Amino acid sequence: MSKINQPTVFCYGEVLWDIFPEGKQAGGAPFNVAYNLKRMGIDTHMISRVGADDLGDKLITKIKGWDLPVEDLQLDTANPTGTVTATIDSNNEANYEIVTNVAWDFIELREDYKEQIKNADALIFGSLIARNTTSYNTLLELLELAPYKVFDVNIREPYFSIDVAKTLLAKCDLVKMNETELQTITQLLGQAYTTDDDCVNYIKERFNISGVIITMGSKGALYYEDTLKYNFPARPVTVKDTVGSGDAFLAGFVSKKLSGGSPVEAMKQAVSLGAFITSNAGACPEYVFKDFQEFCESELAFS
């Protein structure tokens, strides 16, 4: 992580259309992270796959319009562009119906990816991409080359496998999950859930992970690094929806950490960016860094 001015990050996984009652939005957890990393000034690249169809064309046009490179996106002539039917419940929480056998299930290993990943500062990935062996095997190859690996646990039943999770946990340097995912993984590993601290320490030691983030919604977030623990409260905002807030949190944390920020600075930016996105509609609202800065400097800013 030697680059200070503009670190390079690759996000790997699903790029798709979230279909909401009011219309469609570009999404996919790793893409939401990529979008916000770019807004934070990071040289960001997305490795994924879209269909050779109208939805794929529109997705590529959308991504280009957001000033994200599209050279690492593959075109699939056999499988359609990914879609997810999303609904928002009475608690402003999103629920998803994820279509299977779509383009991002079949990401192939391109030779040019290898050198790019070796020279990048970080590779960010989730667990949903592992539902198909083609994309999963490509991920495993890239993880052998990446200098810093960030695992964003994203349990989406019925596509979650504890055996896959164990493999990915053993390969990552930093893992992010929410409190429910922490409890689920701990129990599936055969451990009784006691406290967050005990569960995190168990996972850190078992898989030799240096950093663990636990997001807790309105209760804030925890960050464990080596023997230290950082507890940050949530930032009070008027919630538009929670779609993509965890992805924004991760982008805020990673962008500050790779730019040389301290754990406290990284957590502060993570909580603030998560709150900023939550106060806007959608996972990828139109904004520039100055908008985020003004939000951070508002009367609700941390002292």
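Asn101 is partly exposed, with a relative accessible area of 49%, where buried means under 20% relative accessible area, exposed means over 50%, and partly exposed lies in between (1.4 Å probe, protein chains only). Asn101 is found in the loop between β7 (94–98) and α3 (111–119), and its phi is positive, near 50°, although the residue is not a glycine. Helices (H or I, at least four residues) and strands (E, at least two) are DSSP runs, numbered from the N terminus.

The model is predicted, and local features need pLDDT of at least 70, while side-chain atom pairs count only at pLDDT 80 or more and totals for chains, interfaces and linings use all residues. Residues are numbered from 1 along each chain as its sequence is written, and side-chain values use heavy atoms, with hydrogens and water left out.

Asp67 also has a positive phi, of about 65°, without being a glycine; Asp67 sits in the loop between α2 (54–65) and β5 (73–76) and counts as exposed at 55% relative accessibility. A further backbone feature is the cis peptide bond from Glu157 to Pro158, with omega near 10°, and Pro158 belongs to the loop between β9 (149–152) and α5 (162–169).

| Residue or bond | Angle |
|---|---|
| Asn101 | phi near 50° |
| Gly41 | phi near 90° |
| Glu157 to Pro158 | omega near 10° |

Gly41 follows helix α1, which spans residues 29–39 and has 10 of its 11 residues buried, so that the helix is largely enclosed by the rest of the structure. Among the buried residues of α1 are Phe31, Val33, Tyr35, Leu37 and Arg39.

A search of the whole structure finds zero disulfides, a disulfide being a pair of cysteine sulfur atoms within 2.5 Å. For Cys199, the nearest cysteine sulfur is that of Cys172, 16 Å away, and Cys199 counts as buried at 2% relative accessibility. For Cys284, the nearest cysteine sulfur is that of Cys11, 11 Å away, and Cys284 likewise counts as buried, at 12% relative accessibility.

Taken as a whole, the protein has 10 helices and 13 strands. Its radius of gyration is 18 Å, close to the 19 Å that the globule rule gives for 303 residues, so the protein is as compact as a globular protein of that length; the radius is taken over C-alpha atoms, and the rule is 2.2 Å times the number of residues to the power 0.38. Buried residues make up 54% of the 303 residues.
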